[in-house]
Amino acid sequence: MPLWNFQSLWHDLTDNSVWAFGGEISLLNSLNPDLGIWNMKLNGGGGGTWTQKSSFRGAPWNQNITRPLGGAGQSTSSTGFLLGGYSSARSSPFTGDLAGFVPTPGLLTYSFAHGTWTNVTSTPNLSPSGAIEWPGMEFVPFGPNGLMVVIGGETSDLTAYTPGAQERSMTEITVFDPVTLQFYKQTATGDKIPSQRNRFCTAAVGNTSKDEDGSPSGSYEIYVYGGYGGNLGAGAEQYDEIW
């Protein structure tokens, strides 16, 4: 597998493997490989073997599907999701002439079983333009299909993404159904709200506590760690805290 930065990893529960897609080629690589997707079969001992499933030089990329970086990646038991992000000169062999960062709005989905892609271009209740960069996204098993919860990150217009220019408030929570692809907007509350940030880590954990009647509480907690406030570089504010 080539050396990549910022790729999205999807856990395929049907055969205990990991899929990798998106990101940009490392500066340690001299060539930008074909657009494609990789899969690693886990060996049960802390490792596995990567194989390229397809170079995808054909039809999928004629549907305006590209290889974004800086999007939010997450998966259900059967499907991988990549929300938003942007293209750069190192994100694909077809964008090498880009001088800046171009947003890639919308939602890409990939069926593990069938190897098919879907490009969902309409993502309401996400941002005014539909673009989003460097958010966190977690799957929680609520309702018949579960829900994807999108937190924080940045937004931009559709012509260019400037890091740190338009951060999303951490009170703005976007939720969508991974099957019906219906998007909703929620407002987070609390005595203290995390400051705006991007490039942070998230993890969703089921609560094992019980209600007063002894039944499982059924709640889920999403943890946020780290990230940056504003642009990167010498003046970047780095966070070392858990919410």
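This is a predicted model: local features need pLDDT of at least 70, side-chain atom pairs count only at pLDDT 80 or more; totals for chains, interfaces and linings use all residues.
## Sheet S7-S8-S11-S12

Strands S7, S8, S11 and S12 form an open sheet of four strands, arranged in that order and paired antiparallel. Its edges are strand S7, covering residues 72–75, and strand S12, covering residues 117–120. Each of these edge strands pairs on one side only. From one strand to the next, the twist averages 15 degrees.

Strand S8 spans residues 79–83 and strand S11 spans residues 107–111. Five bridges link the two, and the pairing is antiparallel. In this pairing, leucine 82 lies opposite leucine 108, a residue of S11.

## Sheet S13-S14-S15-S16

The other sheet is also open and is built from four strands in the order S13-S14-S15-S16, with antiparallel pairing. Strand S13 (136–140) forms one edge and strand S16 (183–187) forms the other. Both edge strands pair on one side only. Here the twist averages 25 degrees from one strand to the next.

Edge strand S13 is joined to strand S14, residues 147–151, by five bridges. The two strands run antiparallel. Phenylalanine 139 stands across from methionine 148, which belongs to S14.

## Summary of the pairings

- S8 and S11: five bridges, antiparallel, with leucine 82 opposite leucine 108.
- S13 and S14: five bridges, antiparallel, with phenylalanine 139 opposite methionine 148.

Definitions and conventions:
Residues are numbered from 1 along each chain as its sequence is written. Side-chain values use heavy atoms; hydrogens and water are left out. Two strands pair if DSSP finds at least two bridges between them. Axes are lines fitted to C-alpha atoms, for helices over the stretch in contact, and angles run from 0 to 180 degrees between N-to-C directions.
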